[in-house]
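Subject: Structure handover, with notes on helix and sheet packing

Dear colleague,

I am passing on the structure below, together with some notes on how its parts are arranged. Please read the notes with the structure open beside you.

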Amino acid sequence: MASTFFGLTISTSGLFTANAGLTTTAHNIANENTKGYSRQEANQEATSAIRVYQSYGMVGSGVTLTSVKQVRDSYYDVKFWNNSAAKGEQSIKNTYNRQIEDYFNEMDVDGFTTEYENLFNSLKELQGSPDDVTLRLEVLNYAQSFADYFNDIGTKLDSLQQECNTEVSNKVDEVNTLCDQIASTTKQIATVELTGVYANDLRDQRALLVDSLSKIVPVTVREEMNANNQLDYSVKVDGFTLVDNFTTHGLKVISRENRVHDTDAVGLYDIYYNYDERSMTGTKFDVQGMDLKGELRGILDVRDGDNGENINYKGIPHYFKRINDFNQAFADLFNNVHHEGYNLYGDKAENIDLYTITPNGKLMVNEALIKDPKLMATSDSPIHDGVGNAGIVESWIKLQDKTVLQNASATEYLQSIVSEIAVSTKKASTMLANYENIETSIKNQRLSVSGVDSDEEAMNLVKYREAYQLAAKMIQTMSELFDKLINQTGV
């Protein structure tokens, strides 16, 4: 039969288990507002019964705490990571598209219309006195002022592209840092769990790191038992393994030797996987070619997108091209008219341009005309006695509402660019809102499983407190019985 003191052993097991439940509950309550914390649960079961070789069979031996484990559903983690990558891409595109939209809206509202009208108003004044050098210089200045608005947009787009390029480097550094932290945390988890316990808080930290990584690139996480009965943990992006247990495989940015687009800033980065500095070789981490989502994809699409060649997205090169096409078409219109005219020296200006395009795409008034306005042709017939007509000026004035490019006038063409970027911005904004709503839903589903519920924990406190008190009461009762048995029996 069981020992006389066996009841004390059973009661003690109940006391210890209830105490562990209280401790776990206290830990949950303390971390109710901790970001990324998963509720922990104290799991218990009855210990093995003992055969006593009596008619009543076996006797229970108490309770044991089998584990303290986090309550987490990986299904919601996968959903969150997938949505996080899509949301990250649209968030980046929304931010940069709004900046591009501001550039064009500013020009449309405050700059383009005013300067365009000023240019043609000055031509109308010159029409009455085509030989007036002061009025000629005024026209040339307004022509340059008009061009400066397009040049300013080009400068801003160039700066924005360089900003995107810097952010590409920053995001790659962030990916590498997060992967290093995930690998380091995985090593700590493996060390702790060698003892047979669960590293719950470390697992929460690692999951939080993966949450951050999933915004930048879409991740696939695998944790499975290997042949040696040990857990293998990996984080992959498409076919690229970024974390393999305790080892990381980093990304690196390398400046391009050749520009893809003529308007590209010098030294734009390409991303490589496992890049060897000695051999200067590695596998290109082609985010766009793999059709990945995430913040990195959003930045690269805005930086490189040309809506045709390799990337089907209207990024900075696309708007550069539209501005440069306009500059060239507008310059050709004015220059073709100017080539047919005669200047105050009586020479035909067939080899003198009014507008020139610099190698970096800037629209500029011919500097020779600025220095000597008499070189500017205004007459459509040879000069007689230093006096000419205003035929060329009249032809220029007629260009105000003339088709410049793509069957549109200058104003209509600019408005089409503004509408185009507005559509892209609206699309990114709408999709971002959708993904934010999905994220909220997934977070609520996550919390329903892993979140700490204060009411539930309060019930656990009562449950474990009463269990503790009953176990203590049982020990007290057993102590009284032993006192009677040992100290008072047979006296």
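This is a predicted model: local features need pLDDT of at least 70, side-chain atom pairs count only at pLDDT 80 or more; totals for chains, interfaces and linings use all residues.

Residues are numbered from 1 along each chain as its sequence is written, and side-chain values use heavy atoms, with hydrogens and water left out.

Helices (H or I, at least four residues) and strands (E, at least two) are DSSP runs, numbered from the N terminus. Axes are lines fitted to C-alpha atoms, for helices over the stretch in contact, and angles run from 0 to 180 degrees between N-to-C directions.

The axes of α3 (residues 133-193) and α6 (residues 316-339) come within 10 Å and cross at roughly 160 degrees. The two helices are therefore roughly antiparallel to each other (a term for angles over 145 degrees). In α3, the residues that meet α6 include Phe-146, Phe-150 and Leu-157, while those on the α6 side include Tyr-319, Phe-320 and Phe-330, contact meaning heavy atoms within 4.5 Å. By class, this contact has 13 nonpolar, four polar and one charged residues (Ala, Val, Leu, Ile, Met, Phe, Trp, Tyr, Cys and Pro count as nonpolar, Asp, Glu, Lys and Arg as charged, and the others, Gly among them, as polar).

Phe-104 belongs to helix α2 (residues 74-128), and the two residues are 215 residues apart.

Turning to the sheets, one is open, with three strands in the order β9-β10-β11 and antiparallel pairing (strands pair if DSSP finds at least two bridges between them). Five bridges join β9 to β10 (residues 269-276), and Ser-255 has Tyr-269 as its bridge partner in β10. Helix α3 packs on this sheet, touching β9 and β10, and its direction makes about 155 degrees with that of β9.

The other open sheet has four strands in the order β5-β6-β7-β8, again with antiparallel pairing. Helix α3 lies across β6 (231-237), β7 and β8, running at about 45 degrees to β7.

Best wishes

How values were computed
Angles under 35 degrees count as roughly parallel, over 145 as roughly antiparallel, 65 to 115 as roughly perpendicular and the rest as oblique.
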